[in-house]
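Load the model in your viewer and keep the sequence panel open. The tour goes from selection to selection.

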Amino acid sequence: DSVATLQGNSGVHLYSSLVGWAALVAGERVLDLGCGSGGAGRAAAAIVGDSGMVVGLDSCRRVLEVARERAPQDAPVAFIHASAERMVEIPDKSFDCVVASMMLEEVQNLPAALSEVYRVLRPGGRFVASVSAFDRLRPVDSAFVAAMIAVIARRVPATLVGRATRASIPQDPDDMLAFAESGLLKPEERDVQLAANMDDPDKMWAILGRTHMAYLLDEDGQAELRETMSRRLPHNLYFPLRFLRSRRPG
């Protein structure tokens, strides 16, 4: 949610822009995949209304508790504890749209997750997602992010292998193959930027301290990270984001 407060180019917003690209209408059923604290689901619920339904799904019980607390009491939202790769409680062809906000990089088995997305979508149903697009970083921002990665690589060896060494979704050939083999159409892409104006350590840590990479560190590691990044301030970080849109044929 700290990223959701950032201003984007052309009026981009992390949640509402993603949901807007899904072209939702009143009465539709939406699955918020890897819902986290539920921001995308809340944005979707505001569109589908009382005649629709939003189901937030996440494998972490802790964030599901937060999502439940933040959901308006009268919103058509429910929550399920499950993994994206195995949504056994979700019937086939039961949703008009699946949204996934900043979570595909965290999926251990992307082909399995995309196959499940295909299964739960009705024919013609849409899948929209947002991912980090680190291949679009400006050179000055690459140096800033590299300083952050260096602390993590030293403190928690081997945690950044895998996705961090590959092209951003869906540019890696394995990602393209996963979409094709799932049955989903080749995704459309829209690259945007969110601006993070960090002119003091508190503003910087309010954003970076809540990222997945910061959570990899223990208390001492986070203190080192904060000190390291504070030495690089002030900095205006342009965070590259990629929206993806696909659908199940039919």
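Is Ser-168 buried or exposed? Select Ser-168: because its relative accessibility is 8%, Ser-168 counts as buried (buried means under 20% relative accessible area, exposed over 50%, partly exposed in between, with a 1.4 Å probe and protein chains only).

Before going on, note that this is a predicted model, in which local features need pLDDT of at least 70 and side-chain atom pairs count only at pLDDT 80 or more, while totals for chains, interfaces and linings use all residues. Residues are numbered from 1 along each chain as its sequence is written, and side-chain values use heavy atoms, with hydrogens and water left out.

**Around Ser-168**

Ser-168 lies in the loop between helix H5 (139-155) and helix H6 (173-182). Helices (H or I, at least four residues) and strands (E, at least two) are DSSP runs, numbered from the N terminus. Show the backbone nitrogen of Phe-134: the side chain of Ser-168 reaches this atom at 3.0 Å. Beyond neighbours within four places in sequence, the contacts of Ser-168 (heavy atoms within 4.5 Å) are Ser-132, Ala-133, Phe-134, Asp-135 and Arg-242.

**Along H5**

Next select H5, which has 17 residues and spans 25 Å from first C-alpha to last, close to the 24 Å expected at 1.5 Å a residue (the expected span is 1.5 Å times one less than the number of residues). Colour its buried residues: Asp-141, Phe-144, Val-145, Ala-147, Met-148, Val-151 and Ile-152. They sit on the same side of H5 because they cover an arc of only 140° around the axis, taken from the directions from the helix axis to the C-beta atoms. On the face turned away from this buried side are the exposed residues Pro-139 and Arg-154. Among the elements covering the buried residues of H5 are strand E7 (188-198), helix H9 (219-230) and E8.

**His-235**

Move to His-235 in strand E8 (residues 235-247). His-235 counts as buried because its relative accessibility is 10%. Its side chain makes a polar contact with the side chain of Asp-141 at 2.7 Å. A polar contact is a pair of N or O atoms within 3.5 Å; within protein, one must be able to donate a hydrogen and the other to accept it, and residues adjacent in sequence count only if both atoms are side-chain atoms.

**The largest core**

Finally, select Leu-31, Leu-33, Leu-57, Val-98, Leu-104 and Phe-127, which have the most contacts inside the largest nonpolar core, a set of 29 residues. A nonpolar core is a set of buried Ala, Val, Leu, Ile, Met, Phe, Trp, Tyr and Cys residues joined through side-chain atoms within 4.5 Å.
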